[in-house]
Amino acid sequence: MEKARILLVIGGGIAAYKTLELIRRGRARGLAFRCVLTRAGAEFVTPLALASLSGEKVYSDLFSLTDEVEMGHIRLSREADLILVAPATADLIAKMAGGHADDLASTLLLAADKPVLLAPAMNVRMWSHPATQRNLAQLKADGVRWIGPEAGDLACGEEGFGRMAEPEAILDALSAELGRMRGPLRGRRAVVTSGPTQEPWDPVRFLSNRSSGKQGHAIARALAAAGAQVTLVAGPVALPDPGGMEVVHVRSAREMLAAVERSLPADVLVCAAAVADWRPRSPREDKIKKQAERAPPVLALEENPDILKTIAQRREGRPRLVVGFAAETERVVERARAKLAQKGCDWLLANDVGPQSCVLGGDRNRVWWLSRDGAEEAWPELGKEEVARRLVARIADALGCAAGEA
Ligand code: CTP
């Protein structure tokens, strides 16, 4: 696909420094950036740094004769696929909501004919101020979307909502925006489960497994980049939330099933989570004390719901395509074939999670793709992102979606 062109408007906030990393990582993902720097933004990052990283001239002055001759302010948005405002300051948000046009950034935003994504960043009180919230409500009504801000320590020394989203999350959100414009799954809904579950035994102990969530999160990102509206139901993982999708955090298998059910209807469900098959039968409310036990306690278990099977065998409201995974340590394909039939899903991706395979927690995966109609394919060892892209291309084929242009 041709490189997507992002017009990046940089507002005047300390988070502007993160845009340098954003451009670097974004170019590695195949995006091209052209930057517009506000006067306040230039107090935080220099045009030279932006030009060096983007490989393009940086625009900042509405009344510059040379800039207008080279690239009129109207053309700046015409020649982009998408406009990203990062950091979107309270002032820029107010200008957009009010339709002001008194500098290059606000003028091109008013003249924009492309989708606009904001990455707000400001002090927590500025964010929660009724004026900012009113302006955001107006922008939402105008079709503008935003990612973040996140909660945390702010550069001003206060704490709360106001930190700009991290570059990776902003890039995920950009990919999802681009997907919505021209991806093969635009207009479709997808639900993905990912990561392990934790089944409490007492307030500090639980049963779980080694799943990292890398494969499931990668599938959710690839679905969003293909244009699907994605809900990621994630067990406890150490990964940051991907941008451009709804992320629902759960702990136990029962919470995961409930979250999946709330996310339906969907066109496709991918169950990539390593759900604990059993949970402690009588979890204790207080910590089990070694001193209080006469002998090592016996852990009685009961079975958890099978999320994949429950949804795949549902008569009403079953997603058109239900995809499972099979984690096996021996006779991988044979066991996966039996599992496919037993669960009632449409496809199963089988992987060898034996001790030498490094799949659990690793960055690479070797899968066999099996389909309900008997088809079978051994995929070469690939990065988990690449496995996700292959799977999503197949999902788009199966749902009869053709890639199109914006
Ligand atoms: N799965 C699920 N709910 C469960 C158990 C598994 O949704 N309670 C899903 C997983 O997300 C995966 C598929 O079922 O897509 C197979 O999981 P796996 O752990 O390989 O198989 P199990 O069903 O647990 O069977 P076994 O432990 O016998 O291999």
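## Buried or exposed?

Buried means a residue has under 20% relative accessible area, exposed means over 50%, and partly exposed is in between (1.4 Å probe, protein chains only). By that scale I14 counts as partly exposed, because its relative accessibility is 48%. You'll find I14 in the loop between β1 (4-10) and α1 (17-28); helices (H or I, at least four residues) and strands (E, at least two) are DSSP runs, numbered from the N terminus.

Before going on, a word of care: this is a predicted model, where local features need pLDDT of at least 70 and side-chain atom pairs count only at pLDDT 80 or more, while totals for chains, interfaces and linings use all residues. Residues are numbered from 1 along each chain as its sequence is written, and side-chain values use heavy atoms, with hydrogens and water left out.

## The sheet

Now for the strands. Five of them form an open, parallel sheet, in the order β2-β1-β3-β4-β5. At the edges sit β2 (31-37) and β5 (145-146), each pairing on one side only. Two strands pair if DSSP finds at least two bridges between them. Strand β4 (residues 116-120) and β5 pair over two bridges, in the parallel sense, and R145 in β5 is the bridge partner of L117.

Helix α2 (residues 47-54) packs on this sheet, touching β1 and β2; contact here means heavy atoms within 4.5 Å. The direction of α2 makes about 165 degrees with that of β2. For such angles, axes are lines fitted to C-alpha atoms (for helices over the stretch in contact), and the angles run from 0 to 180 degrees between N-to-C directions.

## Salt bridges

Side chains of opposite charge can pair when their charged atoms come close. A salt bridge is a side-chain nitrogen of Lys or Arg within 4 Å of a carboxyl oxygen of Asp or Glu, and by this rule there are 33 of them.

Take D172 and R29, with their closest N and O atoms 2.9 Å apart. D172 is in helix α9 (residues 167-182) and R29 in the loop between α1 and β2, so the pair links parts of the chain 143 residues apart. D172 is buried at 7%, whereas R29 is partly exposed at 36%.

D306 and K343 also meet in a salt bridge (2.5 Å, N to O). That pair joins the loop between β15 (301-303) and α12 (307-312) to helix α13 (residues 332-343), across 37 residues. Here D306 is partly exposed at 26%, and K343 is buried at 13%. As for shared partners, salt bridges join E21, R24, R25, R29, E168 and D172 into one network.
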